[in-house]
Protein chains: 2
Amino acid sequence: MKKLISAPETVVADALRGLALAHPGVRVDHERRIVYRAEPKDYGTVALVSGGGSGHEPLHTGYVGFGMLDAAVAGEVFTSPTPDQIHAATIAVERGAGVLHIVKNYTGDVMNFEMAAELAQAARIDVRAVVVADDVAVADSLYTAGRRGTGTTVLLEKIVGAAAEQGHDLDTVHALAARIAASGRSMGIALSGATVPAAGSPTFELADDEIEWGVGIHGEPGRERQPLAPMPELAERLVGPLVADALPAGDAIVMLSGLGATPLIELYGMLAEVAALLEAVGVRLARVVVGETITALDMAGCLLTVLPVDAELLAYWDAPVETPAMRWGR
Amino acid sequence: MKKLISAPETVVADALRGLALAHPGVRVDHERRIVYRAEPKDYGTVALVSGGGSGHEPLHTGYVGFGMLDAAVAGEVFTSPTPDQIHAATIAVERGAGVLHIVKNYTGDVMNFEMAAELAQAARIDVRAVVVADDVAVADSLYTAGRRGTGTTVLLEKIVGAAAEQGHDLDTVHALAARIAASGRSMGIALSGATVPAAGSPTFELADDEIEWGVGIHGEPGRERQPLAPMPELAERLVGPLVADALPAGDAIVMLSGLGATPLIELYGMLAEVAALLEAVGVRLARVVVGETITALDMAGCLLTVLPVDAELLAYWDAPVETPAMRWGR
């Protein structure tokens, strides 16, 4: 294992120290591993809490701030945060108008967020949850009943964050989140496995001419191993399953995230191929995000997410945001 | 070679197509491989042109836009752009107040920017150049007489871009650029080589327990091969040479860039170690940038850049910017 780390057991704590140093706009509870906004929201607004296993940075800690999350809870690498952590974050950010939990569909995450919600509800805090299950690759997976939750989470946190910031109530914010969770779709491919520091070896090994088609963001198996191919064919393998999943024509936000070890020059090239295929089926790229927005440690590969949008969603998308990983506008 | 590409010879053109699709704020001349702002500057303001070999994305194409560059010229991977390309960009962005060329110190880049400047001067355009030679690793290198130009280039493009935007004349903008070029320092380490698509194999091979200390952003050799070590020791190997190069105490902008294949979770951890060492010698982290800002294709490793700053430079740093790779403020 060849990594910039001090020791496998300190990777998450070390990264949170660096995050706190780099971004004065967030405040880190190092003991509980929770990242908060430095300036809390006004009383009477809905608060958003997300979190999950570490190793997907900038998700979720990099999305805490004005216009997105109020708190992000960091688990160990590829491991769900505990109900106690999530509960502490929920209580801390609650401002009298309820809290929305944004959860990626992994069995551990769903269970622990549910337990935290029950604890908070016992304390008379109104908590709702949205579970993102957008990965069209497989029906069930290694750590998941139902589809896995991946890239749509990023887009949801941005859009719903804007709605919460503008003062909409919990019913409205929750309904918006549910609508996005129901309409975003993702598909990924890996050119290499990811190495969890505590394990010391890759989650899987691929031959020099092999890809994992439909890979999960923890290295879960996809649909099948396939031969590596030139980019137009790989783009077809990303776009095809989304279209086959009844992707509607019309405006969409398209996100192409590197999974941790794929350089930007490759991502931009892949975007051009993906865009042509999407446009051919009537999907218009209303907004585009390219870069590392949701990752899987040092995995090479990419994840394509397409979210159909209307004018309302685009207005939220374009609203101001100020987080470690995303800043918008002037 | 395992990459998301169509063919080695189309990598740069493909990436520029994706860049144009993703970012409506820039306009791409695909024939000449020049990226321009979609909305040109006002007449009477100094224009900034940079460029170099591709494979360092987001440098330079991702830094075109309001508050940074007016144009970036893209060479082939790790290959200087031609004088004709640079000249075309220079003529196109000139607004009656002169043009500053921002050049990284590589022999080919310096020569081709000089030839382009001569062509422009023959057309009575006032062109000055600043050459960044900030890499303290080695005195001369594979493609360079003198120190190589690396991370300070990013900080210079931001700060000088703000000064040009605010209407300062060419003398002032050039003097500011020269001051930054003279005071920024960088040092990098690699955990792997980079694979140039046309070559098909890595620029160098490292054993599983080896790093290249003082590596260049094209995989040029550094000071020596050393054993991999826990992060605190690696941080010492990055900070030590900067301090030994007479790094002054006081405020600084600190940038830690991944070289293409190092995930954010590792970079944040490294930042925490680097920050402690810098603070121990009296360097205060006035601003911090962590992420992939200057890369070397798919190289694993990182590059540390420290730029001493005063209130004037910080004000330019904090000024609004709107480019594909950097956005500031609300």
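A: Over all chains, the structure holds 40 salt bridges, a salt bridge being a side-chain nitrogen of Lys or Arg within 4 Å of a carboxyl oxygen of Asp or Glu. This is a predicted model, in which local features need pLDDT of at least 70 and side-chain atom pairs count only at pLDDT 80 or more, while totals for chains, interfaces and linings use all residues; side-chain values use heavy atoms, with hydrogens and water left out. Residues are numbered from 1 along each chain as its sequence is written, and chains are lettered from A and ligands numbered from 1 in the order in which they are written.

Some pairs lie within one chain. A:Arg148 forms a salt bridge with A:Asp135, with the closest N and O atoms 3.0 Å apart. Both residues sit in the loop between strand 6 and helix 4 of chain A, so the pair ties together parts that are 13 residues apart in sequence. Helices (H or I, at least four residues) and strands (E, at least two) are DSSP runs numbered from the N terminus. A:Arg148 and A:Asp135 are both buried; buried means under 20% relative accessible area, exposed over 50%, and partly exposed in between (1.4 Å probe, protein chains only).

In another pair, A:Arg284 meets A:Asp251, the closest N and O atoms being 2.7 Å apart. A:Arg284 is partly exposed, with a relative accessible area of 47%. A:Asp251 is also partly exposed, at 26%.

In chain B, the side chains of B:Arg37 and B:Asp70 meet in a salt bridge at 3.5 Å, N to O. B:Arg37 lies in strand 2 (residues 34–37) of chain B and B:Asp70 in the loop between strand 3 and strand 4 of chain B, so the pair ties together parts that are 33 residues apart in sequence. B:Arg37 and B:Asp70 are both buried. In chain A, a network of salt bridges links A:Arg37, A:Lys41, A:Asp70 and A:Glu165.

Chain A is divided into domain 1 (11–183) and domain 2 (185–316), with bounds that come from an automatic or database domain assignment. Domain 1 of chain A gives 37 residues to the contact and domain 2 of chain A gives 35, where contact means heavy atoms within 4.5 Å. Between them the two domains of chain A bury about 2,900 Å², 63% of it on carbon and sulfur atoms; buried area is the accessible area (1.4 Å probe) that two parts lose on being put together, summed over both. On the side of domain 1 of chain A, A:Phe78, A:Val136 and A:Leu155 lose the most area to domain 2 of chain A, together 20% of what that side buries.

Three salt bridges are counted between domain 1 and domain 2 of chain A. A:Arg179 forms a salt bridge with A:Asp310, their closest N and O atoms being 2.5 Å apart. Helix 4 (152–165) and helix 5 (170–183) of chain A are the elements that give two or more residues to the side of domain 1 of chain A that touches domain 2 of chain A. Helix 4 of chain A gives the most to that side, with seven residues.

The last surface lies between the chains. Chain A puts 59 residues into the contact and chain B puts in 58. The area buried between chain A and chain B is about 4,900 Å², and carbon and sulfur atoms give 63% of it. Four salt bridges are found across the interface of chain A and chain B. A:Glu266 forms a salt bridge with B:Lys3, with the closest N and O atoms 3.7 Å apart. The elements that give two or more residues to the side of chain A that touches chain B are helix 1 (11–22), helix 6, helix 7 (264–280) and strand 11 (283–291) of chain A. Helix 7 of chain A gives the most to this side, with eleven residues.
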